[in-house]
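Biologist: I am new to this structure. Please show me how to read it, feature by feature.

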Amino acid sequence: MDATQTTADPAATRRPAADPLAAYRAADFPWYGLDEGWTGRRWLGQVGNGQNPRAAQSDTPDYGTLGHGDEPARGPEPRDTRRFAVVVTVARREVRRSADNTGTLEATSASSAAWLAGAGLLAATWPGNLDRTLRQHWLDQQSTLAWDLADDLDGPAWSSLTLPVNGVPQPFRYRESEYGWVLAGEAPGVLIGAYGRSVSAYGIGFTTVPGLESYDGR
């Protein structure tokens with residue numbers, strides 16, 4: 001062997017896989033998912049923050065999602081037959097300064113959960129007759145509508161629905177559309193939103209998730 005040649009050590013270039021649960025574990029609030037009545041597949045969604053002032057130091061999230069059933073489509077489908085329900089957990093945050101310290105952020109509320117759930121449903125829906133460019137226009141229009149609806153939970157677009165949270169009946173606001181359903185309400189320590197399609201919202205219940213391993217598909 002040529003003395004100038006070196007053999008790469010696979011261990012030297014190997015990097016540990018990122019822990020998909022790390023962002024969830026950084027939360028300072030409990031996560032909620034569907035209770036044991038759901039026997040199907042569970043999967044991790046996304047975690048985000050709404051410019052929480054502590055985020056720069058601790059990466060503490062403000063909200064996140066846990067999915068149940070089929071995962072979101074990666075592109076348009078001529079006939080979308082996916083069946084899913086996604087739970088959005090939102091931290092209770094008081095009025096606070098924005099990250100750039102130029103203004104204030106509103107306190108989170110059930111409307112915050114409704115908006116995130118409505119936006120999530122839209123993002124998970126691919127109208128089969130639209131290409132990517134037209135879908136973006138559709139998404140912008142529908143997002144504006146979802147924002148307006150979330151800001152008026154007592155309006156005629158919403159109805160009342162009572163569902164169990166840790167086994168205790170809790171009131172939620174609920175609405176249906178041609179794309180699926182959205183609901184929002186409160187739970188101990190957090191605000192809850194949810195959205196789904198081809199899964200009846202009337203038959204679900206929510207529970208705290210002490211360990212997220214059942215959602216980690218690795």
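Biologist: Which residues do ring pairs link into a cluster with Tyr 24?

Modeller: First, the ground rules. This is a predicted model, where local features need pLDDT of at least 70, side-chain atom pairs count only at pLDDT 80 or more, and totals for chains, interfaces and linings use all residues. Residues are numbered from 1 along each chain as its sequence is written, and side-chain values use heavy atoms, with hydrogens and water left out.

Now the idea. Rings of Phe, Tyr and Trp (its six-membered ring) pair if their centres lie within 6.5 Å; planes under 30 degrees apart are stacked, over 60 edge-to-face, and the rest tilted. Here, ring pairs join Tyr 24 to Phe 29 and Trp 31 in a cluster.

Biologist: How many aromatic pairs does a search of the whole structure find?

Modeller: Seven. Take Phe 84 and Tyr 195: their ring centres are 6.3 Å apart and their planes at 75°, so this pair is edge-to-face. The two residues are 111 apart in the chain, with Phe 84 in strand β4 (residues 84-91) and Tyr 195 in strand β10 (residues 190-197). Strands (E, at least two residues) and helices (H or I, at least four) are DSSP runs, numbered from the N terminus.

Biologist: Is Phe 84 buried or exposed?

Modeller: Buried means under 20% relative accessible area, exposed over 50%, partly exposed in between (1.4 Å probe, protein chains only). Phe 84 has 2% relative accessibility, so Phe 84 is buried. Tyr 195 is buried too, because its value is 9%. Val 168, in strand β8 (residues 168-177), is partly exposed because its relative accessible area is 44%. Across the chain, 44% of the 218 residues are buried.

Biologist: Which residues touch the most other members of the largest nonpolar core?

Modeller: A nonpolar core is a set of buried Ala, Val, Leu, Ile, Met, Phe, Trp, Tyr and Cys residues joined through side-chain atoms within 4.5 Å. The largest one has 31 residues, and Leu 183 and Phe 206 touch the most other members. Strands that each supply at least two of its residues include β4, β8 and β10. Another core, of 24 residues, lies apart from it; Tyr 195 and Trp 158 are among its members.

Biologist: What should helix α4 span, at 1.5 Å a residue?

Modeller: The expected span is 1.5 Å times one less than the number of residues. Helix α4 (residues 110-123) has 14 residues, so it should span 20 Å; its end C-alpha atoms are 20 Å apart, which agrees. Its buried residues include Ala 110, Ala 113, Ala 114 and Ala 117. An α-helix has 3.6 residues a turn, so residues three or four places apart point the same way.
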